[in-house]
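Q: Please go through this one with me, piece by piece.

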Amino acid sequence: MLRKHGVVGKFVEFYGEGMGKLSLADRATIANMSPEYGATMGFFPVDHVTLDYLKLTGRSDETVAMIEAYLRANNMFVDYSEPQTERAYSSYLELDLSEVEPCISGPKRPHDRVPLREMKSDWHACLDNKVGFKGFAVPKEQQDKVVKFDFHGQTAEIKHGSVVIAAITSCTNTSNPSVMLGAGLVAKKACELGLEVKPWVKTSLAPGSGVVTKYLLQSGLQEYLNNQGFHLVGYGCTTCIGNSGDLDESVSAAIADNDVVAAAVLSGNRNFEGRVHPLTRANYLASPPLVVAYALAGTVGIDFEKEPIGVGKDGKEVFFRDIWPTTEEIAQVVQSCVLPDMFKSTYEAITKGNPMWNQLTVPEATLYSWDQSSTYIHEPPYFKDMTMSPPGPHAVKNAYCLLNFGDSITTDHISPAGSIHKDSPAAKYLLERGVDRKDFNSYGSRRGNDEIMARGTFANIRIVNKFLNGEVGPKTIHVPTGEKLYVFDAATKYKAEGHATIVLAGAEYGSGSSRDWAAKGPMLLGVKAVIAKSFERIHRSNLVGMGIIPLCFKAGEDADSLGLTGHERYTINLPTDIGDIRPGQDVTVTTDNGKLFTCILRFDTEVELAYFNHGGILPYVIRNLAGSHN
């Protein structure tokens with residue numbers, strides 16, 4: 001609803017009579033999802049529910065009383081028992097909480113919401129549809145094929161839609177007691193009815209807080225989660241960021257050899273292509289209890305209302321309704337098992353909890369001493385050859401197009417955080433330095449090394465570049481020679497030849513996580529400008545921060561309508577004096593084959609112009625620091 005209305009750059013405040021009934025954990029989940037709807041923030045005013053939560057989490061009565069008094073004195077406290085005054089907002093939206101229904105989203109984007117009751121028909125439509133955000137183009141005659149394989153001496157089978165990863169992964173909703181204890185109750189009911197998750201489904205539990213473990217143990221539900229394979233693997237980003245680890249070799253082979261569209265179901269908030277695991281082409285986001293339900297069902301192609309999840313120990317069919325807890329059951333466990341001491345003891349132990357971390361030796365020196373042999377931390381080149389006076393605006397003359405994209409290129413496409421593909425430039429770099437494949441780790445874990453991150457830029461295995469005429473993967477065409485190269489190798493070649501590059505893109509360029517490497521990486525590859533139909537808010541400002549020029553096509557225009565193929569050379573006609581550049585001004589772009597079109601310069605503020613004048617935010621900060629010391 002918020003995406004549809006358009007709330008980019010807005011403060012979204014939630015109010016109304018339904019508000020008093022929303023638990024704090026639900027409010028926190030919705031507020032914390034503000035990047036998913038694009039707002040600057042999502043805000044729930046403080047009321048009695050907030051104060052109760054502060055008490056629950058071990059804050060003293062004096063502190064809570066002081067907070068309430070302060071907010072009341074400043075007219076910032078909401079008391080739903082009092083008559084509410086009309087407030088003035090710039091726009092209003094209404095959501096009837098009684099109409100909210102269970103849903104999941106996918107298979108390739110977080111905002112492709114599917115009501116649970118429509119999931120089976122939606123899945124079959126995805127198999128039929130042409131390749132796209134909602135399509136896999138599997139021929140009708142192959143849609144029902146079943147692949148049998150040997151799983152450690154046991155006969156196993158998978159088909160399109162089989163769940164091979166089910167992860168309660170550390171994310172926005174895995175500190176929410178009602179959904180975490182709800183997942184435990186689903187596991188308990190399934191155990192009691194004799195249902196079991198198949199052993200070839202990779203299951204994991206990574207709560208969002210240490211407190212979760214305490215209340216899962218207190219309630220006795222952790223035992224049932226363990227029985228279903230949801231063992232505690234740690235706290236922090238796991239499957240959602242691509243740290244899902246390898247699948248069992250037999251499962252991997254069955255998927256790869258038979259071109260199976262396998263599925264992952266996870267409680268994260270991002271499911272962009274190639275992110276969760278290279279072998280799961282369908283990735284669905286679901287609440288923790290639904291993750292357990294889909295793990296038990298073993299497929300996403302199921303109608304939970306009409307079809308059984310499995311057969312119980314007495315030979316009777318078990319349905320979704322048999323294992324789904326009531327709101328009252330969940331509330332009862334939350335009430336009796338989520339206790340103030342759990343929060344207090346967890347918070348107090350936070351600095352003592354990890355002896356390995358506490359035993360690290362810290363050098364005395366003021367400056368960091370770079371280890372030349374480290375493949376994790378490497379001195380980045382941002383300040384190389386930096387002068388103390390700003391270089392001024394850089395013109396872009398006769399630049400080649402490095403990549404030509406359509407719509408919805410996410411920061412995951414630009415700078416993947418997951419596993420490092422064995423044939424990629426980053427893999428080659430690591431192998432040359434004696435790192436075994438099993439120790440590659442992920443791009444996310446190596447983000448302290450610019451050499452690896454530059455090689456990982458545009459390295460997403462599912463990226464679609466128009467230069468490749470339908471072929472999917474992290475390659476492009478080096479225009480002068482017509483060679484097909486990895487993007488990093490093509491960019492290196494352009495730089496060696498002394499050529500600048502640009503990127504052409506469609507709408508929503510840079511949507512998804514606000515990943516700084518999605519701007520740093522292109523800068524290191526020599527990209528000077530991105531010309532797109534529209535940008536995601538944070539990514540656009542990150543590009544500016546790295547000295548890359550963001551340009552928007554005029555409304556109704558794009559690369560296709562202007563007849564641009566990407567094989568042209570591009571000149572961006574910007575004034576050479578920063579004083580002559582204004583935020584949002586029109587800029588003409590010309591090509592070497594005589595095309596001329598106008599774009600909007602997406603430096604949106606004077607501060608952004610200052611960053612551009614300095615060659616980016618990093619040199620700007622250094623020069624300002626140096627200036628204040630002189």
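Q: Is Ser 389 buried, exposed or partly exposed?
A: Ser 389 counts as partly exposed because its relative accessibility is 46%. Buried means under 20% relative accessible area, exposed over 50%, and partly exposed in between, with a 1.4 Å probe and protein chains only.

Q: What kind of model is this, and how are residues numbered?
A: This is a predicted model, in which local features need pLDDT of at least 70, side-chain atom pairs count only at pLDDT 80 or more, and totals for chains, interfaces and linings use all residues. Residues are numbered from 1 along each chain as its sequence is written, and side-chain values use heavy atoms, with hydrogens and water left out.

Q: Where is Ser 389, then?
A: Ser 389 is in the loop between helix 15 (355–358) and strand 13 (396–404). Helices (H or I, at least four residues) and strands (E, at least two) are DSSP runs, numbered from the N terminus.

Q: How many Å apart are Ser 389 and Gly 184?
A: They are 60 Å apart, C-alpha to C-alpha, and 205 residues apart in sequence.

Q: New topic. Which residues of helix 6 are buried?
A: In helix 6 (residues 119–128), the buried ones are Met 119, Asp 122, Trp 123, Cys 126 and Leu 127.

Q: Why do they line one face?
A: The buried residues of helix 6 fall within an arc of 145° seen down its axis, so they line one face of the helix. The arc is that of the directions from the helix axis to the C-beta atoms. In general, an α-helix has 3.6 residues a turn, so residues three or four places apart point the same way.

Q: What covers them?
A: The cover includes strand 3 (103–105), strand 4 (113–115), strand 10 (280–285) and helix 11 (288–297).

Q: What about the loop between strand 3 and strand 4?
A: Pro 107 lies there. The peptide bond from Gly 106 to Pro 107 is cis, with omega near 10°.

Q: Now helix 4 and helix 5. How do their axes cross?
A: The axes of helix 4 (residues 48–56) and helix 5 (residues 61–73) cross at roughly 160° and come within 9 Å. That makes the two helices roughly antiparallel, a word used for angles over 145 degrees.

Q: Which residues meet there?
A: From helix 4, His 48, Leu 51, Leu 54 and Lys 55 meet Asp 61, Val 64, Ile 67, Glu 68 and Arg 72 of helix 5. Contact means heavy atoms within 4.5 Å.

Q: Which residues other than glycine have a positive phi?
A: Asp 259, with phi about 50°, and Phe 458, with phi near 60°, are examples. Asp 259 is in the loop between helix 10 (249–258) and strand 9 (262–266), and Phe 458 is in the loop between helix 18 (450–455) and strand 14.

Q: Buried or exposed?
A: Asp 259 counts as exposed, at 52% relative accessibility. Phe 458 counts as buried, at 1%.

Q: And what sits in strand 14?
A: His 478 has its place in strand 14 (residues 475–478). His 478 counts as buried because its relative accessibility is 0%. Leaving out residues up to four places away in sequence, His 478 touches Glu 483, Leu 485, Ala 490, Lys 493, Tyr 494 and Glu 497.

Q: Last one: which residues of helix 19 are buried?
A: In helix 19 (residues 487–496), Val 487, Phe 488, Ala 490, Ala 491 and Tyr 494 are buried. They cover an arc of only 165° around the axis, so they are on the same side of helix 19. Gly 498 follows helix 19 and has a positive phi, near 80°.

Conventions
Axes are lines fitted to C-alpha atoms, for helices over the stretch in contact, and angles run from 0 to 180 degrees between N-to-C directions. Angles under 35 degrees count as roughly parallel, over 145 as roughly antiparallel, 65 to 115 as roughly perpendicular and the rest as oblique.
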